[in-house]
Amino acid sequence: MTSFGRSLERLPLLADRRRLAYGIAIALCIASWWLRLVLDPHFPPGFPYLTFFPAVILSSFLFGRGPGIVAAVLCGLLAWYFFIPPFRSFGLQRGTPVALAFYVGVVTVDILLVHWMQRANRHLSLERERSAELAERSEILFEELQHRVSNNLQMVGALLSLQQRSTQDEEARRAIGDAASQLQLIGRIQRGLYGSRGEPLAIGAFISRLVDDLAESSGKPGVVHRVESSTSLMLPPDRAIPIALIVAEAVANAIEHGFAGRDQGTITVSICSEGAALSLSVVDDGLGVADDFDVARTDSLGLRIARSLAQGMGATLSIRPAHPGTILRLQNIPANDER
């Protein structure tokens with residue numbers, strides 16, 4: 001809103017000092033009477049109210065309906081007494097009632113229009129304040145909901161981790177552990193889907209926050225990570241979460257396997273647009289995978305989930321050696337909801 005609009009919302013002025021408001025309105029009437037006296041020799045006959053109308057409008061506009069009515073009455077009396085024949089009296093001649101009725105009609109319309117405008121401005125200001133309060137409340141509730149969903153997912157993951165400790169079968173322990181890790185990861189992803197005001201994040205900013213979180217919790221501060229994005233596209237959660245899970249799996253594998261036995265390395269995540277689709281790659285300079293590695297034949301639960309997520313989006317997932325390191329590519333990701 002412009003400064004002029006904000007000034008209009010503050011009208012009428014002196015709402016808590018009404019005596020001063022009425023005094024200024026009376027002063028405006030006296031000033032208009034004096035100006036009419038000075039200019040009277042230059043006016044042709046028949047313009048008794050010419051300088052009084054601005055005083056009435058200003059009083060109404062600046063100080064409200066009450067001072068406007070007082071100014072209208074006082075200006076009408078001054079004009080009648082000094083500038084309507086017979087002069088210096090309140091006598092009535094043939095045209096006097098018509099002139100007075102014209103004056104009353106004009107000032108009534110002016111005062112009512114100004115009053116309605118100010119009332120509309122007050123209502124608009126109140127509605128704007130209510131909207132701001134509602135937006136702030138909605139933002140708080142949305143943020144709280146996001147935290148609750150994230151915390152609940154991570155709590156379920158923690159319960160699964162506890163269950164893992166009491167499971168004797170090694171394969172079952174591994175499956176429960178993987179499920180617990182995935183749930184806790186989804187909880188962290190859910191927390192990072194939106195900005196501080198509940199707005200969806202661009203895919204580059206979202207992935208950057210995720211990679212920062214994963215790198216911080218990896219326990220290997222010497223591993224350098226970069227996120228390069230050439231698009232500011234914002235994806236819906238049903239598209240962003242699968243992408244985030246695939247990126248998280250690639251980063252986790254790079255840290256756990258690619259940098260096994262070493263504390264330093266580099267992970268680069270690149271995101272770019274390819275027409276109506278997105279392309280994403282995760283490259284590390286670690287140990288790398290075998291030349292004949294096939295993601296379709298792997299027995300890793302995380303990679304099987306990643307492949308299933310990619311298929312669900314209609315995208316293509318591939319993992320190849322990068323010499324050195326490994327490169328994961330996720331291509332043909334639909335940039336809209338049409339699949």
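Here is a chat about the predicted model shown above.

Biologist: Hi! What secondary structure elements are there in the protein, and how many?

Modeller: Hello! This is a predicted model, and the protein has 9 helices and 5 strands. Along the sequence the order runs α-α-α-α-α-α-α-β-α-β-β-α-β-β.

Biologist: And how much of the protein is buried?

Modeller: Of the 339 residues, 36% are buried. The protein exposes about 19,400 Å², and 59% of that comes from carbon and sulfur atoms.

Biologist: Which residues have the most contacts inside the largest nonpolar core?

Modeller: Those are Ile207, Ile243, Val282 and Leu330, in a core of 40 residues. Helices α6, α7, α8 and α9 each give two or more residues to this core, and so do strands β2, β3, β4 and β5.

Biologist: Which element gives the largest share?

Modeller: That would be α8, with 12 residues.

Biologist: Tell me about that helix, then. How far does α8 reach?

Modeller: Helix α8 covers residues 237–258 and reaches 29 Å from its first C-alpha to its last, close to the 32 Å expected.

Biologist: Is α8 enclosed or open, and why?

Modeller: It is largely enclosed by the rest of the structure, because 17 of its 22 residues are buried.

Biologist: Back to Ile243. What is it in contact with, beyond its neighbours in sequence?

Modeller: Leaving aside residues within four places in sequence, Ile243 is in contact with Ile207, Leu235, Leu280, Met313, Leu330 and Ile333.

Biologist: New topic: Leu126. Where does it lie?

Modeller: Leu126 lies in helix α5, which spans residues 96–165. Its relative accessibility is 39%, so it counts as partly exposed.

Biologist: And how far is Leu126 from Glu9?

Modeller: Their C-alpha atoms are separated by 9.9 Å, while the two residues are 117 apart along the chain.

Biologist: Last one: what share of contacts join residues at least 24 apart?

Modeller: Among contacts between residues at least 6 apart in sequence, 65% do.

Key. Residues are numbered from 1 along each chain as its sequence is written. This is a predicted model: local features need pLDDT of at least 70, side-chain atom pairs count only at pLDDT 80 or more; totals for chains, interfaces and linings use all residues. Side-chain values use heavy atoms; hydrogens and water are left out. Helices (H or I, at least four residues) and strands (E, at least two) are DSSP runs, numbered from the N terminus. The expected span of a helix is 1.5 Å times one less than its number of residues. Buried means under 20% relative accessible area, exposed over 50%, partly exposed in between (1.4 Å probe, protein chains only). Contact means heavy atoms within 4.5 Å. Accessible areas come from the Shrake-Rupley method with a 1.4 Å probe; for residues, only the protein chains shown count as cover. A nonpolar core is a set of buried Ala, Val, Leu, Ile, Met, Phe, Trp, Tyr and Cys residues joined through side-chain atoms within 4.5 Å.
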